[in-house]
Amino acid sequence: MTGAVLTEVNLVAAAKQLARRDQHLRLILNKFGPPPLWARRPGFSTLVKIILEQQVSLSSAASMFARLKKNVVPFQPVRMIELGEVHLKSLGLTRQKTAYCLHLAKSLTDKRLQLSQLSRMSDTDAKAALMEIKGLGSWSADVYLLMVLRRPDIFPATDLALVTSVTNLKQLTSRPSTNQFLEMAEAWRPYRSVAARMLWQYYLARRDDALKG
């Protein structure tokens, strides 16, 4: 499945294979079943949402994204550029994320970033193309490859939810560094994207249980 696109079918098969190899992932699969695919649509809108999700809760990012969609009509790069910095800030967007969103919009309109080409690139080249855009770092590029392009072997090791999950599952005394986490994830090749989904699944289940409690 290396180099392929994840689907509902091969996601389940990969999760089962990982569970046979890793006792902690096996616990997740046995308790919660296969993880969701969590696929996202390609394009400007998804990249803006990923920018908004940087270093904030998903609910906070979703609220801001809904406000942007309501006030940037049509929700397209050209329209965002027309409305400009002052308008975006008036909606509650931070100075930094305003700059990131406008830079993304300009990069798409002048074709410095051509999203349609990413699907034909290797993981390394697609990630590099995204990271050339100001505001799209390693985590953002990984999330796009993992959820939009649905590449099977992507691992956003700086993701706090993933770090929290593996720390709890393995009962570690401290959180692993990014390099340590990447070393752990080597055992999950060539399905690291599936392992990430399983760890997110575990994180969300624990969070929901805490909220109920």
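Mentor: In helix 1, Asn10, Leu11, Ala14, Ala15, Leu18 and Ala19 are buried, that is, under 20% relative accessible area, with exposed over 50% and partly exposed in between (1.4 Å probe, protein chains only). This is a predicted model, in which local features need pLDDT of at least 70, side-chain atom pairs count only at pLDDT 80 or more, and totals for chains, interfaces and linings use all residues. Residues are numbered from 1 along each chain as its sequence is written, and side-chain values use heavy atoms, with hydrogens and water left out.

Trainee: Why does Thr98 count as buried?

Mentor: Thr98 has 1% relative accessibility and therefore counts as buried. Thr98 belongs to helix 6 (residues 95–109). Beyond neighbours within four places in sequence, Thr98 contacts (heavy atoms within 4.5 Å) Glu85, Leu88, Lys89 and Leu93.

Trainee: Why are helix 3 and helix 9 called oblique to each other?

Mentor: The axes of helix 3 (residues 44–52) and helix 9 (residues 138–148) come within 10 Å and cross at roughly 135 degrees. Angles under 35 degrees count as roughly parallel, over 145 as roughly antiparallel, 65 to 115 as roughly perpendicular and the rest as oblique; helix 3 and helix 9 are therefore oblique.

Trainee: Which residues of helix 3 meet helix 9?

Mentor: Thr46, Leu47 and Ile50 meet Trp139, Ser140, Val143, Tyr144 and Val148 of helix 9.

Definitions and conventions
Axes are lines fitted to C-alpha atoms, for helices over the stretch in contact, and angles run from 0 to 180 degrees between N-to-C directions. Helices (H or I, at least four residues) and strands (E, at least two) are DSSP runs, numbered from the N terminus.
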